Amino acid sequence: MSKTKLRVERLDITGFRGVSLKRSLIFDGKSVLLFGENGTGKSTFVDALDKIFTGEIFTLDHRGQGISSQRFGPHIKGSAIDISLVFDDAKHTTFSINTDLNSCPDEVREYLQIAQTPVYILRRTQVLQLVESQPRERYEFLKPYLVLTEIEQVESTLRASRERYAQELLSKKSLLARHTDDLRRYAQVPNSFATITESALVTTLNSVLSEVGITALERLSDTPAAIAGLNSQLSQFGDLSRVTTLKTTIEALDELRTYSATSMFSELEANLNRLGILEGTQTSIIYEKVLEDGAKWIETESRTECPLCEQDMVKFAPSEVVERARARLEHVRELVGLRESVRRGISTLASTLENWQGRIGRVKSQLDKIEFDGNQEIGKELDAVAISLMESAQSLRRATTLNSTPDSEIAPQLRHSGALQSTLARVGEALSEQLKRLPSADAAQKLLTLRDKLTRTTEAWVSFTRTQGEVTESEKLASISEALHSSFERTRKEAIGELFNTINKDINDIYFELHRHHEIGTPDKASHRNVRLEVRDAVQQSVNLRADFYTETGDPRGYYSDAHLDTLGISIFLALRRWYRDQYPSFNLLVLDDVLSSIDSSHAVRLAEVLLTQFSDYQILLTTHDRLWFEHLRDIQSRCGVGQNFVNKSIYGWDIEEGPDLREPFDEHRYLVELVKTGQPFEMASTAGRLLEHILQEMRYSLRLSVPAKPGERYEIGDLWPPFYREIKKNYRSLYAKAQNALDALDVRWPLRNWIGAHFNNWAQNAPKSVLQEFAKSVLHLFDAVYCSDCRRFVTPSTTPLGQLACRKGHKVYAAPGKAEASASDRESLITSTAGSLRDAKLTTEIHLEWKKSERANES
Amino acid sequence: MRAEKPLETEILNRFFRQIGADDSLPPAVVEALLRLRKEGLLTNTDRVSAAILDGANVKN
């Protein structure tokens, strides 16, 4: 922890939000209480801190819909933005929005780095956010405090790996299921085996292997031996293609025999017999072709000579010749038809014989490829058949070219068909006999199938066992990933849960302090109690808020009033801020921007006391638009003995051209000095009046003047001057002696301020310059007496028993009546040695009142 | 950017204590974490990496 915490000395703003020309908020390393009515630019200073620390303005950059600090950060007049901070380190380091963080001294850099997480500003709009928001939004709000970026990354990574390995496991299991199906199908494992094991496969395969006399497997790794046994058996079949060839040949011969036994032969034979009978009854030979062509020729060409002899037809006219030829054709029509039919039959038979001859040739070439007993004889016989068929076909072809009865040619061919039948039958029988002598094709097929089954099963088993191993590995990884993620998630929730328990206690303590005036007993007995942030088990990144109310427990929104919810929101924020400060002690800024809008004055006072006592070692920027609360706070500062820790500022007004009117007393003094020399009388008097008012406002608090109450606490010179003058004359004689001329003069002339400044009229305008100068000089004189330009503070009564008026550094000291002035060093030693020094005791209001009571008792 | 992140450190320390990273990280966990790291996961956290390596060193 740093020995002295770094603090802000001043904040300078130009061209930003509501500030056009440069404005400075002077902290002097203290806390600042800033009053300004609505719209006077208070929040601009808060926004400037937000911007310079985080690069964003929460109220702009988190609203969406195109609203951003980039767009709405610059002043409406468009002047260049400049925001800078001066720190109270040894070098009085200045850091602006354009400064490189790395160029800063270590302690300033550390401060700025911590300030990048915006957990120290609470705005009015955020007060209820902690209470009213949904659990997920509440978590988002709490997230910056928890600083879990890295944790979320790790958890997200572990979750991703868990999902990835779970997915991988599913995929591997699916592959294993496919391999299982393959094994069941290849090995034809009965359903009685519910699962596929090596034993189930071995049992199933052995039952088949035993049928073919192969030694039983003990393990699947024995399959190569079994496959070798099957190959040995298969080798006895020799070339298995012989069987196939023989079978094919026998089938071809059978088909040939069936075909050759068709009715084609009997029909042709019947036609030939009928033709022989008809031709036997004819008295002359009929040349039907000659008759047909001759008749056609005579008729078409109107010939008058005979087409055969080319002599004139003398016996009959050509038409008669044609008619006679057609009559003869009609007479022998049956004979002509039969001849035509026989001719076609013979042609078909010739083609058939040629076809058979071709097929027998192909069968013969198949048989030539295999060897068996009697092969050569059968081959010769088939060759003879083929030659015979070829000759017959040629003979028939020749017969059809002759226009004569083909009986002499045809008959041998037809007789030959019977010989063909018997030859084919004999050859077929010989081949069948040969086939019977070869091993069974079914037996070979069975062996082949079994060998295939063994091969496929063995291959599938390899894939199955490999995948099974991968599944086991994948299960292990999935299980570990799940365990890692679950463990991490559980750890995070436990740690955050415990953290919440710590914060919850502080929330309840603060909340109880804010409501102590109407609670009895301890926080755990309070009517509104046990407020708690809770990690939601079921939902990630989500936080519940619950509380107790008398006998009930639940969502505080259901029981608490709006004001109680307001103070609850503030309590949560303060508890979080305090916890965060415990983590990062070197950063102690706390900003409360107009957060007291709906709570009554008693709660506001309690809050002020909590802030001024429990957060006295923070540098606080507290803004308010409520003048009454501003006055309360100033009073409470004094009562709590922390007046020296605060700078109280008022914004007197705002306009678009210049921004907030935030006058510093010393600047006003310097300006007035110039006006006294060269300024216009009216402006001089007006400025002098404002400075006098400023002096009186300050001294009112430090001297605790009794001022008749006015609505809105809007006190003017007329209200403040008489009690101030009386108090100085009566109790602070040394000050009176020091500034008597000025005090007495102002006692006469203070109405000038109202006449000139507040109530402009022609008389005031025409007041003599010498009178106004005297007024201004008196104000300057008084200012010099009560304001220390080194401390930048007005004198205040000492909290030591001396009771003297002094500035912080002791440059201006006015002894209490009957006492000698104490120098700064003496004063320091007195403070150190005085037991019960109010400041060091961090007084609460109660203690202060007790002290005052005893003081009054002593006085009386 | 900050050197200290107390809550994160507390959670990570607890986590590694829970899985035994401080003295006897189970080999299977080391293997899984190393594998995750090798595959580009868990590399965004120096402390996780360090703890893994510590665990691996313990194992070896």
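Is the crossing in which H20(A) passes H21(A) left-handed or right-handed?

Modeller: H20(A) passes H21(A) in a right-handed crossing. A crossing is right-handed if the near helix is turned clockwise from the far one by less than a right angle, and left-handed if anticlockwise. This is a predicted model: local features need pLDDT of at least 70, side-chain atom pairs count only at pLDDT 80 or more, and totals for chains, interfaces and linings use all residues. Residues are numbered from 1 along each chain as its sequence is written, while chains are lettered from A and ligands numbered from 1 in the order in which they are written.

Stay with this pair. H20 covers residues 601-614 of chain A, and its axis comes within 10 Å of that of H21(A). The two axes cross at roughly 40°. Axes are lines fitted to C-alpha atoms, for helices over the stretch in contact, and angles run from 0 to 180 degrees between N-to-C directions. H20(A) and H21(A) are therefore oblique to each other. Under 35 degrees counts as roughly parallel, over 145 as roughly antiparallel, 65 to 115 as roughly perpendicular, and the rest as oblique.

Now the residues. From H20(A) come Ser601(A), Ala604(A), Val605(A), Ala608(A), Glu609(A) and Leu612(A). They meet Leu628(A), Trp629(A), His632(A), Leu633(A), Ile636(A) and Gln637(A) of H21(A). Two residues are in contact if their C-beta atoms, placed from the backbone, lie within 7 Å. By class, this contact has eight nonpolar residues, three polar and one charged. Ala, Val, Leu, Ile, Met, Phe, Trp, Tyr, Cys and Pro count as nonpolar, Asp, Glu, Lys and Arg as charged, and the others, Gly among them, as polar.

H21 spans residues 627-639 and lies across strands E3 (31-36), E11 (619-624) and E12 of chain A. H21(A) runs at about 155° to E3(A). Helices (H or I, at least four residues) and strands (E, at least two) are DSSP runs, numbered from the N terminus.

The sheet itself is open and has five strands, in the order E6-E10-E11-E3-E12 (chain A), with parallel pairing. Its edge strands are E6 (121-123) and E12 (646-651) of chain A, and each pairs on one side only. From one strand to the next, the twist averages 10°. Three bridges join E6(A) to E10 (residues 589-593) of chain A. Two strands pair if DSSP finds at least two bridges between them. In E10(A), Leu592(A) stands opposite Leu122(A).

Another sheet in chain A pairs its strands antiparallel. This open sheet has three strands, in the order E7-E8-E9 (chain A). E7 (528-535) and E9 (552-554) are its edge strands. Here the twist averages 15°. Six bridges join E7(A) to E8 (residues 543-549) of chain A. Leu533(A) has Leu545(A) of E8(A) as its bridge partner.

Next, two other helix pairs. H22 (residues 665-678) and H23 (residues 681-702) of chain A have axes that come within 10 Å and cross at roughly 155°. H22(A) and H23(A) are therefore roughly antiparallel to each other. H22(A) passes H23(A) in a left-handed crossing. Among the residues in this contact are Leu672(A) and Leu675(A) of H22(A), with Ala688(A) and Leu691(A) of H23(A). The contact has eight nonpolar, three polar and three charged residues.

H13 (residues 288-301) and H14 (residues 318-331) of chain A come within 9 Å, axis to axis, and cross at roughly 150°. That makes H13(A) roughly antiparallel to H14(A). Their crossing is left-handed. The contact includes Leu291(A) and Ile298(A) of H13(A), with Val321(A) and Leu329(A) of H14(A). It divides into eight nonpolar, one polar and five charged residues.

Look at Leu291(A) in H13(A). Leu291(A) is partly exposed, because 19 other C-beta atoms lie within 10 Å. A residue is buried with 20 or more such atoms within 10 Å, exposed with 12 or fewer, and partly exposed in between; C-beta atoms are placed from the backbone. Leaving aside neighbours within four places in sequence, Leu291(A) is in contact with Ala325(A), Arg328(A) and Leu329(A). The C-alpha atoms of Leu291(A) and Leu329(A) are separated by 7.2 Å, though the residues are 38 apart along the chain.

Last, the whole chain. Chain A has 32 helices and 19 strands. Of its 860 residues, 35% are buried.
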